[in-house]
Amino acid sequence: MIDPQGSKAEEMPPLSPLQLAITAILTVAGVALQMWSSAPSRAERQYALQLPSVLLYSLAAALFLFSVFPDSLTEGKALGFGLSGAAGFAAFLMLISFTWLAKTRRRDELTAQLKKVQRENAALRGQLAGERLSGEEPRPLAQSTRYDVPMRGSRRHRIGVVTGNLANVLGIDVWVNPENTRMEMSRVDEPTISAAIRYHGGRRDDAGHLVDDAIVKELAERMNGRQRVSAGQVVVTGPGELLESHQVRKIVHVAAVEGEPGSGYRQVMDLARCARNILLEVDQIAEAGEPLRSVVVPLLGTGGGNSDLRHTANTLLAAIVGYFEAHPASRVRVVYLLAYTDVQEAVCRTALGARPELSTGT
């Protein structure tokens, strides 16, 4: 190159394709790692996770500058060691980056403290809800609303709460029926989940009387002459008329209560097994081609008032979380707990907020 006075100017050596490729790869990898580590679900670990991205940025910058300016020199000492050239420049960039990351460490500490306080607050809310349960009459919720939160580190699975009467819930693929070990559905005039499913799943005349007990008939066929099933076992039937009226695709009947002559029904001991069997059965049907993505699970065995509401909600949530963790490819996308009363809703929301595996944002 000739300058205006006619003297030769020193030419800048071009970067080789290999140098450009390595610089680009280091930069893209650093940016991708920075974005990944900055996700809200990693708020308590961002300092440690962003350290590798700092190293990648520093190496990329040093490679680029010392490829463009090969005769430049940067010298200094750190911790008693002499550094020069690209190593010195990279160390300089890393020192600046670590100073900036120190603020991230403080933010991680504050986030961890905040989450600890939130868990303690959720436990206190649960205790208050339990006290209210014993001191006040629960109030049925007239409106059906939904609330769900994602699993930490997963965009695929969510867990939440749907409120109100199950008969007002629309658009959920699978309804779970908490049934007894004999798989005998309630009479249609009883105030139970089983009765509601039986009534709305059957065909009715113009006066509203049941004329075709479709789900009971199919359930009897599925039992195939058996008198009872073991606690936690599930039997699947079609939805009957619920397919058209509520967009329900399957009814999963789970043996969640056991009967005893003269004493009525009591909640089964292993609720976690009930939840796991429900989701496993739904997944198996979905893998066969049925598009089952959402499930609503009542608080199994709590209808008679002879069970611990908080224990039930916590046990079911723990089992659902555990199932999703053990089956990350599960076709089920969202599971709702059904909260019929205001007390049930408070207990369910508290249980959700207390699960560290869920991104509640509260």
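These are my notebook entries on a predicted model.

**Entry: the whole chain**

I began with the overall tally. The secondary structure comes to nine helices and 12 strands. Of the 362 residues in the chain, 40% are buried. For the accessible surface I noted about 19900 Å², with 56% of that belonging to carbon and sulfur atoms. I also looked at contacts with a separation of 6 or more: residues 24 or more positions apart account for 66% of them.

**Entry: strand 5**

Next I went to strand 5, residues 174-180, and asked how many of its residues are buried. Seven of the seven are. In a regular strand, side chains alternate between the two faces of the sheet.

Which strands pair with strand 5? Strand 9 (residues 250-260) runs parallel to strand 5 and is joined to it by seven bridges. Within this pairing, N180 stands opposite V257. Strand 11 (residues 294-298) also runs parallel to strand 5, with two bridges between them. There I found V174 opposite V295.

**Entry: D213**

My last stop was D213, in the loop between strand 7 (210-212) and helix 5 (214-223). Is D213 buried or exposed? Its relative accessibility is 15%, and the cut-off for buried is under 20%, so D213 counts as buried. I then looked for a partner for its side chain: the side chain of D213 makes a polar contact with the side chain of R198, at 2.6 Å.

How values were computed. Residues numbered from 1 in each chain as written. Predicted model: local features only at pLDDT ≥ 70, side-chain atom pairs only at ≥ 80, totals over all residues. Heavy atoms only, no water. Helix = DSSP H or I, 4+ residues; strand = E, 2+ residues; numbered from the N terminus. Buried < 20%, exposed > 50% of the residue type's maximum accessible area, 1.4 Å probe, protein only. Polar contact = N/O pair within 3.5 Å; in protein donor to acceptor, adjacent residues only side chain to side chain. Contact = heavy atoms within 4.5 Å. Areas by Shrake-Rupley, 256 points an atom, 1.4 Å probe, with all protein chains shown as cover. Pairing = 2+ DSSP bridges.
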